Amino acid sequence: MTQHASNYSFVVDPPARLHKDASIPKPNISSMEEYKAMYEQSIHDPTTFWGKMAREIIHWEKPFETVKQGSIENADAAWFTDGLISPCYNLVDRHAIERPNDIALIYEADELNEGRNITYRQLLADVSQCAGALASLGVTKGDRVAIYMPMIPETVITMLAIIRLGAIHSIIFAGFSSESVTDRINDSSCKLIITCDESHRGGKRIPLKSVVNRAYPNCPTLTNVLVFQRSPDASTAMEEGRDIWWHDLVPKFPKYCPPAVVNPEHPLFLLYTSGSTGKPKGVVHTTGGYLLGAAATCKYIFDLHPTDRMGCAGDVGWITGHTYIVYGPLMMGSATLVFEGTPAYPDYSRYWNIVERHKLTQWYIAPTAIRLLQRAGDEYVKYDRSSLRVLGSVGEPIAPESFMWYYNVVGQGRCAVTDTYWQTETGSHIVSSMGPITPMKPGSATLPFFGIDAVIIDPLNGKVIEGNKVEGVLAIRSSWPSAARTVWKGHDRFIDTYLKPYPGFYFTGDGAYRDEDGYIWIRGRVDDVVNISGHRLSTAEIEAALISHDSVAESAVVGVPDELTGQAINAFILLKPNAVANVDLEKQLIMSVRSTIGPFAAPRKLIFSDLPKTRSGKIMRRILRKILAGETDQIGDLSTLAEPKVVEHIIHAVHHTH
Ligand code: ATP
Ligand code: MG
């Protein structure tokens with residue numbers, strides 16, 4: 001490993017073996033020179049760049065002539081509009097024809113050894129039968145269909161069956177309450193919902209259908225519930241005429257059903273955002289551009305090859321699961337992991353056991369899981385991980401401390417680590433290193449992906465700040481293929497949220513710093529920025545300084561009003577299992593922030609407690625702000641919170657801190 005100091009950051013070069021080892025595939029991109037040349041073309045001549053890439057990666061039923069139309073400014077960007085495409089053919093059929101016996105899905109059940117592999121040939125048959133069944137329930141092109149299912153192969157089969165009919169799926173994470181399910185179904189007037197009797201997670205059984213039962217009476221557009229039986233021993237009440245068992249219906253249909261052909265701008269799916277900052281938005285992705293972005297980022301960022309076995313331990317209830325469990329890997333014809341369980345069951349070594357048994361080549365998780373495993377202890381990081389080449393992180397800024405743990409302990413210095421920055425709305429990665437080639441800087445998402453003209457804007461005057469060593473809000477000039485086109489039934493909301501704040505740009509809502517090498521450092525949400533005596537401080541930076549202390553597992557920083565300095569910092573700290581909070585530790589933590597960032601950034605108050613997280617694992621700082629302000633009656637929408645009871649714990653901790 002080469003580490004050399006560069007200002008306050010350091011550089012880690014991708015392991016040389018990724019280019020030299022004859023037993024692994026030749027990287028899809030060979031050097032930074034190649035990246036730079038391709039990037040330049042993607043920005044200055046997007047028509048040639050994306051036209052070529054779209055012809056290489058996608059099978060077209062009718063070739064397109066126009067690559068790009070419309071603009072961000074007018075909120076009408078569209079891609080490949082005069083072509084025709086069959087999404088399901090691209091994801092399933094073409095691989096089933098060329099390589100029928102290759103594995104498509106690697107199902108790892110909650111219990112070890114209960115999973116199975118599904119080949120592309122089998123996947124085509126399964127998807128076809130499911131599509132036939134859905135059609136028999138009245139699903140046709142353009143209909144919205146809700147999915148409320150755990151991480152099992154039938155969930156992926158259902159997604160693919162829906163798009164095989166040209167219908168639109170809306171996945172609702174199988175952990176949401178019946179109220180959240182109701183809201184999402186009604187927002188997009190879904191016709192049908194597909195669920196399971198129950199889900200198996202971490203050795204527990206969680207009822208799913210009963211949640212749907214409670215939602216159903218409040219969802220006037222639903223006509224049926226299709227139920228997959230996950231637990232043959234469970235007694236699940238079925239309502240005559242409304243509920244249908246999967247096993248009674250699906251096997252009746254032919255193993256081939258012709259795939260729908262659609263305009264590339266036809267919606268592929270809609271998905272509600274995580275709700276970290278407020279009410280979730282039903283983000284709409286279209287077919288051609290989204291699939292192109294999903295495949296291209298897999299190819300270049302994860303260096304995914306058709307012979308690879310991609311391991312993303314996320315959930316299809318979130319965008320990460322859509323793009324990097326299902327759409328990207330299947331576009332590439334790779335095998336992809338569908339993992340039903342948790343990182344802690346049967347113990348904290350589960351992930352690495354999966355990697356060894358399936359010889360996974362990529363591994364992709366969120367910082368919250370990385371911190372969990374780091375806290376559990378290195379002794380759990382065992383089993384053979386030598387098949388891995390690229391490790392990815394997603395969802396929140398990753399502290400350099402956690403990045404290096406991932407690199408050294410999990411990757412044993414043999415893998416590249418990609419910190420992938422993107423959003424539900426961007427469809428695929430927008431800022432990330434490319435595994436085999438980009439020199440990494442822990443804590444930085446590094447460089448923009450092809451076609452992403454990332455700019456830093458001065459939030460005060462709305463002007464683009466050119467050059468390096470600049471800080472501001474992160475925005476994107478000009479459209480890119482996988483960008484969301486709208487918010488479901490809310491084009492005005494789409495425009496207001498993303499396009500109006502800085503006319504002519506897509507506004508990410510995140511703050512960023514571009515360093516002397518043009519590397520982008522995500523500073524966290526603009527809403528979370530703390531302003532102390534005129535210094536705009538990023539929550540991510542202060543949290544990284546706190547996490548670098550051995551006793552700290554996680555932290556969340558928020559600003560509170562202060563008469564003297566405008567705002568002051570309060571830091572919430574979750575300690576590692578054996579650490580204890582005392583005056584000494586508090587002093588060390590404050591020193592750590594003073595020395596890495598500056599005396600003005602020193603937390604005014606340290607609160608030792610649990611942290612509020614979304615169901616996708618992100619810290620919800622707005623809840624902490626409300627609690628500190630004593631406005632516990634105005635906390636707002638808590639439906640996306642993973643453990644509602646932590647709110648009580650935090651209120652208690654705040655009251656007992658002076
Ligand atoms: P909502 O928009 O409803 O508040 P959300 O923004 O959490 O929810 P997502 O689309 O799942 O919903 O998350 C995208 C956000 O996650 C980004 O805007 C950014 O704040 C954060 N994020 C994702 N990846 C990274 C990363 N690699 N580094 C830093 N932040 C990241
Ligand atoms: Mg967001």
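1. Start at the ligand. A nitrogen atom of ligand 1 sits 3.1 Å from a polar backbone atom of G395. Bear in mind that this is a predicted model.

2. In Q423, a polar side-chain atom is 2.8 Å from an oxygen atom of the ligand. In D510, an N or O atom of the side chain lies 2.5 Å from an oxygen atom of ligand 1. Taken alone, the ligand exposes 640 Å², and the protein buries 95% of that.

3. Now look at the whole shell. Ligand 1 is surrounded by 20 residues. The closest are S276, T277, T424, D510 and K618. By class, the shell has nine polar, seven charged and four nonpolar residues. Strands β22 (416-420) and β27 (520-525) each supply at least two of the shell residues.

4. Next, the cavities. There are four of 30 Å³ or more.

5. Which elements supply at least two residues each to the lining of the largest cavity? They are α13 (367-376), α14 (400-410) and β30 (552-562). Helix α13 gives the most, with three residues.

6. The second largest cavity holds about 50 Å³ of space. Among the residues that line it are W50, H429, F449, F450 and W480. This lining has six nonpolar and four polar residues, and no charged ones.

Key
Residues are numbered from 1 along each chain as its sequence is written. Chains are lettered from A and ligands numbered from 1 in the order in which they are written. This is a predicted model: local features need pLDDT of at least 70, side-chain atom pairs count only at pLDDT 80 or more; totals for chains, interfaces and linings use all residues. Side-chain values use heavy atoms; hydrogens and water are left out. A residue is near a molecule or strand if one of its heavy atoms lies within 4 Å of it. A polar contact is a pair of N or O atoms within 3.5 Å; within protein, one must be able to donate a hydrogen and the other to accept it, and residues adjacent in sequence count only if both atoms are side-chain atoms. Accessible areas come from the Shrake-Rupley method with a 1.4 Å probe; for residues, only the protein chains shown count as cover. Helices (H or I, at least four residues) and strands (E, at least two) are DSSP runs, numbered from the N terminus. Ala, Val, Leu, Ile, Met, Phe, Trp, Tyr, Cys and Pro count as nonpolar, Asp, Glu, Lys and Arg as charged, and the others, Gly among them, as polar. On a 1 Å grid over the protein atoms alone, a cavity is a set of points where a 1.4 Å probe fits but cannot get out, and a pocket is an open set with protein on both sides within 12 Å along at least five of seven lines; lining residues have an atom within 4 Å of a point. Grid points are joined across faces, edges and corners, and a volume is the space filled by probe spheres set on the points.
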